[in-house]
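User: I keep seeing labels on this model and want to know where they come from. Can we go through a few together?

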Amino acid sequence: MRLLLLLSAALLLAGCHATFFGAVNARQPSTGVAAHRDIVFDPANDLALDVYSPTNASHAPVVVYFYGGSWMTGKRQWFRWMGEALAAQGVIAIVADVRPWPKVRMEGFLQDGAEAVRWAHDHAAGFGGDAAHLFVMGHSSGGQIAAMLATDKQWLAAVGMKPRDLAGFIGVAGTYDFIPFDEPEFYEIFGHEPDEQALSQPINFVDGDEPPALLLQGENDTIVSPAEAVSFEGRYRSQGEPIELKLYPNVGHEQLLLAFGPLKGKAPVLADTMAFIHRYAAAAPH
């Protein structure tokens, strides 16, 4: 276990994401899971997604997953293992690409994310899913995208939906309350003026009309401070909305993500995620 942790940290820090996640993909069993890859959901921007479905799925919950990468890097193919991990638990898992910076700024990420959610809503039944049980989920910067779709109504409204159409939001070490910025590029992505920067913070849009939320956070995370999840939880609770915060001791940023795959013994993130999905899929209106 320690060797795998050291290897993962070294590869991630060295920027060898494709090599590392290729190895993770190879380790992830895919028995009982069907993969439907390279489905174009936004022809105008040449954006595609991959769908992972359990064999013989029927009325299954649906999760649209947004990967992390500081809004600058990442490919859906790197996260086949995440799609398969969720699908093996009975979920229709959709891993979607969004355009990275510098191709687009924040508005582009969120427009792309909303289009992916709309596609999932319209096509879930074709893979054995139920659009009434539709969740958004994201890690790190992908958590910000998922959280914004769940809180700032304008993005889903642009595709004829609203946050309450979602059965729930799942944040995996997501970033929800990250001003002041700690990377120079973030000013180019989110703006230099305080009023513009505020528009990138999911915490600023929680108003009592959001779907239920689950926040998964490692206490040893040095990339995204656990304080962000704590403050986001507090804002949700102040509005009387259902939210669960799971803090995992001795777990860092990458370790939390990999606990869905090769580091399953590090934290019960998959079990906690599925418990949340089952709870709120059952409660969602048909």
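User: What makes His36 and Trp119 contacts of phenylalanine 127?

Analyst: Contact means heavy atoms within 4.5 Å. Leaving aside neighbours within four places in sequence, phenylalanine 127 is in contact with His36, Ile39, Val51, Ser53, Ala57, Ile92 and Trp119. By the way, this is a predicted model, where local features need pLDDT of at least 70, side-chain atom pairs count only at pLDDT 80 or more, and totals for chains, interfaces and linings use all residues. Residues are numbered from 1 along each chain as its sequence is written, and side-chain values use heavy atoms, with hydrogens and water left out.

User: Why is phenylalanine 127 called buried?

Analyst: Buried means under 20% relative accessible area, exposed over 50%, and partly exposed in between (1.4 Å probe, protein chains only). Phenylalanine 127 has 19% relative accessibility, so it counts as buried.

User: And why is threonine 175 buried?

Analyst: Because its relative accessible area is 6%, and the cut-off is under 20%.

User: What makes the pair of threonine 175 and glutamate 228 a polar contact?

Analyst: Their side chains come to 2.9 Å. A polar contact needs a pair of N or O atoms within 3.5 Å; within protein, one must be able to donate a hydrogen and the other to accept it, and residues adjacent in sequence count only if both atoms are side-chain atoms. Glu228 is also among the residues that threonine 175 touches, not counting those up to four places away in sequence.

User: How far apart are phenylalanine 127 and asparagine 56?

Analyst: They're 71 residues apart in sequence, and 8.9 Å apart in space, C-alpha to C-alpha.
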